[in-house]
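Student: I would like to check the labels in this model against the cut-offs behind them. Shall we go through them together?

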Amino acid sequence: MALQIGDAAPDFETRDQNGNPVRLSDYRGKKVVLYFYPKDDTPGCTAEACSLRDNYEHLQKQGYEVLGVSVDDEKSHQKFIKKYNLPFALLADTDHQIVEAYDVWQEKNMYGRKYMGIVRTTFVIDETGTITEIITKVDTEKHAEQILK
């Protein structure tokens with residue numbers, strides 16, 4: 001069943017781009033922008049990451065921590081962060097546990113070809129770990145504005 005506003009955000013443990021363990025519960029007491037994106041260094045995902053990067057200071061002033069999640073590995077995340085000077089952590093969900101817990105690993109269809117992949121989605125989570133917003137129609141170039149509105 002899909003997560004909804006008011007639900008507790010599923011806790012998880014994974015690794016960031018440097019191999020450090022990260023748990024959502026480590027962020028209790030802070031607001032979290034947990035954004036799921038399909039693939040490092042692709043046009044839409046780069047536009048989204050750069051929107052968050054360019055507005056990172058504003059997001060932090062509003063009390064947000066930003067965490068990006070894809071099924072890419074740490075090495076891919078490191079290259080993506082370095083290439084675009086991203087100031088936030090990217091989480092490696094290579095075993096698909098987080099994308100499945102958040103129900104964003106779904107069947108997609110491109111040019112008539114069906115495949116499984118991440119449906120671009122952002123969850124805004126409050127200090128208590130409750131989902132306060134779910135953005136499914138992500139405007140990759142203005143994503144930070146969608147969060148800060």
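**Labels and their cut-offs**

Tutor: Let's start just past the end of helix α3, where Asn85 has a positive phi of about 55°. Keep in mind that this is a predicted model, in which local features need pLDDT of at least 70, side-chain atom pairs count only at pLDDT 80 or more, and totals for chains, interfaces and linings use all residues. Residues are numbered from 1 along each chain as its sequence is written, and side-chain values use heavy atoms, leaving out hydrogens and water.

Student: What makes Asp73 a cap for α3?

Tutor: One of its side-chain oxygens lies 3.3 Å from the backbone nitrogen of Lys75.

Student: Which residues of α3 are buried?

Tutor: In α3, residues 74–84, they are Glu74, His77, Phe80, Ile81 and Tyr84. They share one side of the helix, because their arc around the axis, taken from the directions to the C-beta atoms, is only 120°. Here "buried" means under 20% relative accessible area, "exposed" over 50% and "partly exposed" in between, with a 1.4 Å probe and protein chains only. Lys75, Lys79, Lys82 and Lys83 are exposed, on the face turned away from the buried side.

Student: What covers those buried residues?

Tutor: The cover includes β1 (13–16), α1 (43–54), β4 (64–70) and β5 (89–92). The names follow DSSP runs, numbered from the N terminus: H or I over at least four residues for helices, E over at least two for strands.

Student: Why is Ala89 called buried?

Tutor: Its relative accessible area is 16%, which is under 20%, so Ala89 qualifies. Ala89 is in β5 and touches Asp16, Gln17, Val66, Leu67 and Gly68, leaving aside residues up to four places away in sequence. Touching means heavy atoms within 4.5 Å.

Student: And how do you know where Glu133 stands, buried or exposed?

Tutor: Glu133 has 17%, again under the 20% limit, so it is buried. Glu133 belongs to β9, and its side chain makes a polar contact of 3.1 Å with that of Lys149.

Student: Which strands are the edges of the sheet?

Tutor: Seven strands form an open, mixed sheet in the order β2-β1-β5-β4-β3-β8-β9. The edges are β2 (21–23) and β9 (131–135), as each pairs on one side only. Two strands pair when DSSP finds at least two bridges between them. β8 (residues 121–125) and β9 meet that with four bridges, in the antiparallel sense. Among these, Phe123 has Ile134 of β9 as its bridge partner. α3 packs on the sheet, touching β1, β4 and β5.

Student: What makes the whole chain compact?

Tutor: The protein chain has five helices and nine strands. Its radius of gyration, over C-alpha atoms, is 14 Å, close to the 15 Å of the globule rule (2.2 Å times the number of residues to the power 0.38) for 149 residues, so it is as compact as a globular protein of that length. Buried residues make up 47% of the 149.

Notes
Polar contact = N/O pair within 3.5 Å; in protein donor to acceptor, adjacent residues only side chain to side chain. Axes fitted to C-alpha atoms, helices over the stretch in contact; angles between N-to-C directions.
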